[in-house]
Protein chains: 2
Amino acid sequence: MSYRDLSRKELLELKKQLEQEYQEAKSKGLTLDMSRGKPEGRQLDFAMPMLDVLNSESHVKSIDGTDCRNYGAMDGIIETKTLIASMVGASPKNVIVYGNSSLNIMYDSISRSVTHGVMGSTPWCKLDKVKFLCPVPGYDRHFAITEHFGVEMINIPMTTTGPDMDMVEHLVSSDPAIKGIWCVPKYSNPQGYTYSNETVKRLAALKPAASDFRIYWDNAYAVHHLYEEQDELLEILGECEKAGNPDLVYEFCSTSKVSFAGAGIAAMIASEANLVDVKKQLAFQTIGYDKLNQLRHALYFEDLGGIQVHMKKHAELIRPKFEAVLKVLNEELSWAKVGTWTEPKGGYFISFDALPGCASAIVEKCKEAGVVLTGAGATFPYGKDPEDSNIRLAPTCPTPEELEVATKIFVLSVKLVSIEAILDTCNEKTA
Amino acid sequence: MSYRDLSRKELLELKKQLEQEYQEAKSKGLTLDMSRGKPEGRQLDFAMPMLDVLNSESHVKSIDGTDCRNYGAMDGIIETKTLIASMVGASPKNVIVYGNSSLNIMYDSISRSVTHGVMGSTPWCKLDKVKFLCPVPGYDRHFAITEHFGVEMINIPMTTTGPDMDMVEHLVSSDPAIKGIWCVPKYSNPQGYTYSNETVKRLAALKPAASDFRIYWDNAYAVHHLYEEQDELLEILGECEKAGNPDLVYEFCSTSKVSFAGAGIAAMIASEANLVDVKKQLAFQTIGYDKLNQLRHALYFEDLGGIQVHMKKHAELIRPKFEAVLKVLNEELSWAKVGTWTEPKGGYFISFDALPGCASAIVEKCKEAGVVLTGAGATFPYGKDPEDSNIRLAPTCPTPEELEVATKIFVLSVKLVSIEAILDTCNEKTA
């Protein structure tokens with residue numbers, strides 16, 4: 001029996017009781033943060049031995065002899081290219097290793113396209129209109145970059161297998177102003193969905209009206225599994241090549257949530273023709289990135305196996321946190337039918353869909369009781385969720401105990417706001 | 001008695017003898033590189049203990065408690081701001097610490113101005129014409145950035161006290177299309193000149209026609225002295241403030257030639273209003289830079305004193321190299337009067353001016369004999385030295401012994417090309 005099946009009287013009684021619980025929780029003066037996808041301290045502790053692999057006695061040369069303390073090797077050292085390639089199943093020749101942030105690479109890729117175009121295309125700043133497809137809900141920082149550059153963003157509904165491909169195919173093939181699509185293809189932000197093989201193949205086979213259309217493939221959670229049973233993502237560069245579209249994709253990847261957030265390494269993976277184009281511009285921007293940190297990562301992890309062993313430690317810490325949140329959601333909200341949520345097998349987030357029109361009020365109510373969530377609307381372009389329904393939960397930073405408390409407050413807020421919404425609808429109906 | 005005073009016959013005899021010496025040198029099959037301002041291995045060795053200050057046992061928190069392994073502190077940690085501020089004589093509140101490359105910050109500053117303007121000004125990509133003043137000879141990578149963005153560059157003659165300020169003042173105050181000037185104010189690239197107090201004050205007191213005009217103050221060699229007796233540079237932020245122009249300057253600085261080239265830290269120093277403007281954009285580009293490397297630098301050097309002690313070791317290695325080059329130039333070329341050169345007290349370069357029309361041929365002749373120099377023209381916008389006269393010598397990478405050999409080949413090339421030029425002039429006169 002869901003909330004909607006309750007009578008007005010029952011709802012009012014329930015509301016009264018819930019309000020009392022909420023006031024009690026609020027009176028505790030908590031400060032809990034479930035807003036950002038940030039590793040917690042113990043995850044970072046796991047990588048501390050990485051700080052020992054380079055010391056004053058070290059041979060600080062790349063295997064090809066490059067002195068990692070000096071200028072040069074603009075696109076990265078070979079062993080780190082190989083490590084990154086193994087994370088995403090690509091070839092080292094398709095990798096440029098940059099600095100510490102894949103977001104920075106994505107920003108620079110958009111910025112370069114705005115000022116200089118893509119492989120000789122008209123710079124976007126010379127065009128009347130540039131548009132991007134944005135699977136929603138999605139990652140707020142992606143949308144912020146395209147908004148910053150005045151790109152018009154078009155919402156594309158997400159499904160459990162990826163973006164609505166009928167819509168993507170139709171738009172991309174018919175509108176030359178559409179220059180890109182933002183994708184987090186594995187353990188998506190915020191749902192934790194992984195694109196199906198069919199979705200990847202259909203993306204790789206797109207026939208864009210714009211020659212400078214690129215898939216922005218933010219493979220942020222390539223190795224971020226919570227369970228032994230893992231999602232598998234098709235390697236997209238190979239699929240693009242097979243489909244006769246070798247240059248269709250810019251892939252991004254980093255170790256921000258593997259080694260250190262902010263002191264990791266980031267990379268772009270793309271066809272050799274794309275990399276030639278990118279490096280032409282890059283040579284004006286820098287002489288090269290921090291190769292000591294690149295070497296540090298290559299020596300510490302050695303290969304994909306090393307990363308996998310490391311990420312298992314992360315999973316053991318994070319999994320109970322996801323489960324703590326999901327347990328409360330399942331126990332408290334399953335029957336009420338005032339929301340749905342995802343149960344990811346990896347990544348950093350849980351996506352919650354409240355009754356339409358309720359998300360902002362829920363986030364506000366949580367905040368009043370000391371629980372900070374990602375702002376409602378943040379998962380949509382321009383910060384506008386047309387349904388005011390989606391809320392992103394980020395369980396990695398607090399402890400499981402804190403998460404249980406925070407999720408209970410969340411659930412109370414969901415219930416209270418939902419009851420008010422249902423009562424309002426009843427009032428409208430009777431009015 | 002200079003070459004010009006010699007008779008045609010004497011010149012021809014001299015040429016014959018020099019050609020023999022040149023062929024002998026060439027037959028040795030040397031490969032020597034005096035082309036780039038790169039530290040040599042032993043300079044980098046000095047900084048190796050820096051790799052020990054952070055290890056698996058370290059407390060990796062900033063003094064304000066920021067965990068340097070995690071996201072946050074977009075504009076840098078306070079102790080590293082303080083260290084950078086001390087290098088340039090500014091205040092930590094005026095510093096943003098970035099990643100590993102000041103060139104990257106300069107590129108990004110131009111790119112940001114192109115796409116988003118400066119403090120609310122019209123983005124440069126929306127303007128018909130944007131111009132930059134370029135003191136010449138100057139740094140090729142500066143000119144390459146502005147050329148890459150289609151900025152028109154105007155040559156400004158350099159003097160021993162800085163750019164020709166009459167010309168700068170006239171142009172900047174009369175042409176609103178002029179948006180910036182590239183400056184390497186201390187131990188300039190390539191001359192090793194340091195701007196006089198008067199030059200700094202006049203720059204700080206400019207009354208630009210464009211509100212978005214900025215001085216690009218690349219203080220690359222702030223602590224790079226070769227001798228106890230050092231050049232002093234007036235701190236420009238303070239001068240700008242005194243002159244009622246607090247927002248006139250973007251200053252840049254790095255430890256690329258202090259700690260590790262490519263694995264150092266870089267910073268921008270500017271008024272708080274400028275930094276607010278810059279950070280507004282930066283928040284779209286990154287969550288933050290590598291704070292572990294920032295902390296590593298702060299802990300290792302501690303303060304300006306630590307940097308100065310460190311840089312003395314550099315000076316002891318580099319000084320003999322500069323002196324080896326200058327000794328040969330003085331011994332071999334003083335009397336001939338076929339070139340002039342600078343004798344810097346710091347920085348990374350010696351600037352050589354050959355007879356007009358001779359630079360390209362000299363560089364080519366050196367190359368034939370195995371000595372690589374910076375390309376002729378590289379020190380000018382568009383790679384075009386109108387006089388074909390300037391050659392940049394970069395003595396830091398080879399050993400003093402190699403430098404002596406390389407400089408002898410350089411001198412032979414200068415002599416041979418100059419004699420040919422003088423003979424050509426004689427032929428023209430007699431024709």
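Trainee: How many salt bridges does the rule find across the interface of chain A and chain B?

Mentor: A salt bridge is counted when a side-chain nitrogen of Lys or Arg is within 4 Å of a carboxyl oxygen of Asp or Glu. By that rule two salt bridges cross the interface of chain A and chain B, and Arg69(A) forms one with Asp45(B), where the closest N and O atoms are 2.7 Å apart. This is a predicted model, in which local features need pLDDT of at least 70 and side-chain atom pairs count only at pLDDT 80 or more, whereas totals for chains, interfaces and linings use all residues. Side-chain values use heavy atoms, with hydrogens and water left out, residues are numbered from 1 along each chain as its sequence is written, and chains are lettered from A and ligands numbered from 1 in the order in which they are written.

Trainee: What area is buried between chain A and chain B?

Mentor: The size of an interface is often given as the accessible area lost when the parts come together. Here about 4700 Å² is buried between chain A and chain B (accessible area, 1.4 Å probe, lost by the two parts and summed over both), and carbon and sulfur atoms give 54% of it. In chain A, Arg69(A), Tyr71(A) and Phe284(A) lose the most area to chain B, together 17% of what that side buries.

Trainee: How many residues of each chain are in contact?

Mentor: Taking contact as heavy atoms within 4.5 Å, 56 residues of chain A touch 56 residues of chain B.
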